[in-house]
Amino acid sequence: MGTLELFLLAIGLSMDAFAVSICKGLSVRELKPRHALLAGLYFGGFQALMPVIGYFAGRSFAHLIENIDHWIVFFLLLLIGGNMIKEAFGEEETVNDSFGFKTMLLLAIATSIDALAVGVSFAFLKVNILYAATFIGITTFVCSAFGIKIGNVFGSKHKAKAEIAGGIILIFIGTKVLLEHLHIFG
């Protein structure tokens, strides 16, 4: 997986955290730098941790399904991306203004479950997990911190568009992996 692909994947994965950060930014009356820092640390930290967990779980059984690993990667990314697109058209989520440990922990876990599945696919792709997880975490940190500011300034007008874009990016990457493995592309 090249740097551009990893960057696109990181952007796609960070869109849920970005969307929630926009909502959190909407809920804050007086925005302080600590709000952006907390969102970045929680969301970026979990987006970095989950692929590592998924990677080691995937490595433990990767040798058993080597012949179909490209299909697994494709279907996982298709499922995650499709779910993100579906959620963009769903009901508007309400987010409270708390930046407390329990609230942020639950939001961080909820927005990083897809990164766990991507970590499993990394095991099949033989990706440098430390580099990839760090890259994803930093990207999500930046997107989340900006999401707080954007939400506070502009509102939730573009939340659904961000989720749709993230879903499309993940589907694109999954399709590319499949087509390359089947020697149709690349």
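What follows is a briefing on helices, aromatic rings, salt bridges and some surface features.

This is a predicted model, so please read every value below as computed from that prediction.

- At Met15, α1 bends by about 40 degrees.
- Is α1 mostly covered or mostly uncovered? It is mostly covered, with 20 of its 25 residues buried.
- A kink of about 40 degrees is centred on Ser112 in α4.

**Aromatic rings**

- Trp71 and Phe74 both belong to helix α3 (residues 69-88), where they sit three residues apart, about one turn of the helix. In general, an α-helix has 3.6 residues a turn, so residues three or four places apart point the same way.
- Trp71 is partly exposed, its relative accessible area being 35%, while Phe74 counts as buried because its relative accessibility is 14%, under the 20% cut-off.
- Phe74 also pairs with Phe75: their ring centres are 5.1 Å apart and their planes are at 65 degrees, so this pair is edge-to-face. Phe75 has a relative accessible area of 46%, which means that it is partly exposed.
- Elsewhere, Phe7, Tyr131 and Phe135 come together in one aromatic cluster.

**A salt-bridge network**

- Which side chain does Glu5 meet in a salt bridge? The partner is Lys176, with 2.2 Å from N to O. This pair links distant parts of the chain, since Glu5 is in helix α1 and Lys176 is in helix α6, 171 residues apart.
- Both Glu5 and Lys176 are buried.
- Lys176 forms a salt bridge with Glu180 too, and here the closest N and O atoms are 2.3 Å apart.
- Glu180 and Lys176 are four residues apart in helix α6, so about one helical turn separates them.
- Glu180 is partly exposed at a relative accessible area of 31%, whereas Lys176 counts as buried at 17% relative accessibility. Through shared partners, the salt bridges join Glu5, Lys176 and Glu180 into one network.

- Ile68, Trp71, Phe75, Leu78, Leu182, Ile184 and Phe185 make a nonpolar surface patch of about 650 Å².
- Ile184, one of the patch residues, lies in the segment after α6 (159-181). Its relative accessibility is 60%, so Ile184 counts as exposed.

**Residues with a positive phi**

- Most residues other than glycine have a negative phi, which gives some background for the next two points.
- Lys126 follows α4 and has a positive phi, near 55 degrees. The residue is placed in the loop between α4 and α5 (129-154).
- Is Lys126 buried or exposed? Lys126 counts as exposed, because its relative accessibility is 64%.
- His183 is another residue other than glycine with a positive phi, in this case near 60 degrees. His183 is found in the segment after α6, and at 74% relative accessibility it counts as exposed.

**One more residue of α6**

- Phe172 is found in helix α6 and is partly exposed, with a relative accessible area of 47%.
- Phe172 and Leu64 are 108 residues apart in sequence, and their C-alpha atoms are 26 Å apart in space.

Key: Residues are numbered from 1 along each chain as its sequence is written. This is a predicted model: local features need pLDDT of at least 70, side-chain atom pairs count only at pLDDT 80 or more; totals for chains, interfaces and linings use all residues. Side-chain values use heavy atoms; hydrogens and water are left out. The bend at a residue is the angle between axes fitted to the seven residues ending there and the seven starting there. Helices (H or I, at least four residues) and strands (E, at least two) are DSSP runs, numbered from the N terminus. Buried means under 20% relative accessible area, exposed over 50%, partly exposed in between (1.4 Å probe, protein chains only). Patches are made of residues with over 30% relative accessible area and no salt bridge: like charges are joined within 9 Å, nonpolar side chains (Val, Leu, Ile, Met, Phe, Trp, Tyr) within 5 Å. Accessible areas come from the Shrake-Rupley method with a 1.4 Å probe; for residues, only the protein chains shown count as cover. A salt bridge is a side-chain nitrogen of Lys or Arg within 4 Å of a carboxyl oxygen of Asp or Glu. Rings of Phe, Tyr and Trp (its six-membered ring) pair if their centres lie within 6.5 Å; planes under 30 degrees apart count as stacked, over 60 as edge-to-face and the rest as tilted.
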